[in-house]
Structures are given as structure tokens and as C-alpha cells.
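Biologist: Please show me the model. I would like to ask how its terms are applied.

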Amino acid sequence: WLFQNGNPQEIANCVWSCGKLGVKSPKLFDELENHAEWLFQNGNPQEIANCVWSCGKLGVRSPKLFDELENHANWLFQNGN
């Protein structure tokens with residue numbers, strides 16, 4: 001429901017909260033993996049960074065998310081804070 005109805009900030013906030021609290025939510029992170037391309041097309045650098053941080057913090061493997069990160073590295077550096 002969240003990924004079909006939420007915007008990138010709402011999704012990033014939920015994912016970041018899991019990382020901050022140390023809560024592994026397999027279904028949430030599976031959806032993040034499935035929507036990685038969408039996140040990079042619609043999200044801003046902060047929202048993307050929060051999702052990537054949460055994966056790293058929790059040790060969640062997300063190959064699609066990190067592939068998108070690699071593909072958009074220049075954009076992130078140019079548009080990030």
C-alpha cells in the first residue's frame with residue numbers, strides 16, 4: 001500500500017525510522033528493492049540517502065537500490081546538500 005500510494009518522502013521516512021530504531025522489516029525492504037528505480041526517478045537526494053543509510057545500518061542487501069545508486073552517483077553529487 002505504501003509504495004502504491006505514498007510519495008518518496010513518506011517512504012523514506014518509514015525506511016529511515018526502521019533504520020534508526022534497528023527494526024528489520026523484510027516486507028518494507030523488499031518493496032524498497034522492487035521500487036528502487038521509481039525512488040531514483042521521483043525522490044530527491046536526501047530521501048535516497050535516507051533509504052541507502054537504512055539498508056547499510058540494518059545490513060539489508062538491496063542490489064537494485066545500490067545499482068541505481070551507482071548509476072546516479074553524479075546526479076547525487078550535483079544535487080545533494
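Biologist: Why is Ser54 called buried?

Modeller: This is a predicted model, in which local features need pLDDT of at least 70, side-chain atom pairs count only at pLDDT 80 or more, and totals for chains, interfaces and linings use all residues. Residues are numbered from 1 along each chain as its sequence is written, and side-chain values use heavy atoms, without hydrogens and water. Buried means under 20% relative accessible area (1.4 Å probe, protein chains only). Ser54 has 0%, so Ser54 is buried.

Biologist: What does Ser54 touch, not counting residues up to four places away in sequence?

Modeller: Contact means heavy atoms within 4.5 Å. By that rule Ser54 touches Val15, Trp16, Gly19 and Phe29.

Biologist: Which residues touch the most other members of the largest nonpolar core?

Modeller: A nonpolar core is a set of buried Ala, Val, Leu, Ile, Met, Phe, Trp, Tyr and Cys residues joined through side-chain atoms within 4.5 Å. The largest one has 19 residues, and Val15, Phe29, Leu32 and Leu65 touch the most other members. Helix H5 gives the largest share of this core, five residues. A helix here is a DSSP run (H or I, at least four residues), numbered from the N terminus. Ser54 also lies in helix H5.

Biologist: What does Leu32 touch, leaving out residues up to four places away in sequence?

Modeller: Leu32 has contacts with Phe3, Val15, Leu39, Cys51, Cys55 and Leu65.

Biologist: Why do nonpolar residues gather like this?

Modeller: In soluble globular proteins, nonpolar side chains tend to be buried together.

Note on methods:
Helices (H or I, at least four residues) and strands (E, at least two) are DSSP runs, numbered from the N terminus. Buried means under 20% relative accessible area, exposed over 50%, partly exposed in between (1.4 Å probe, protein chains only).
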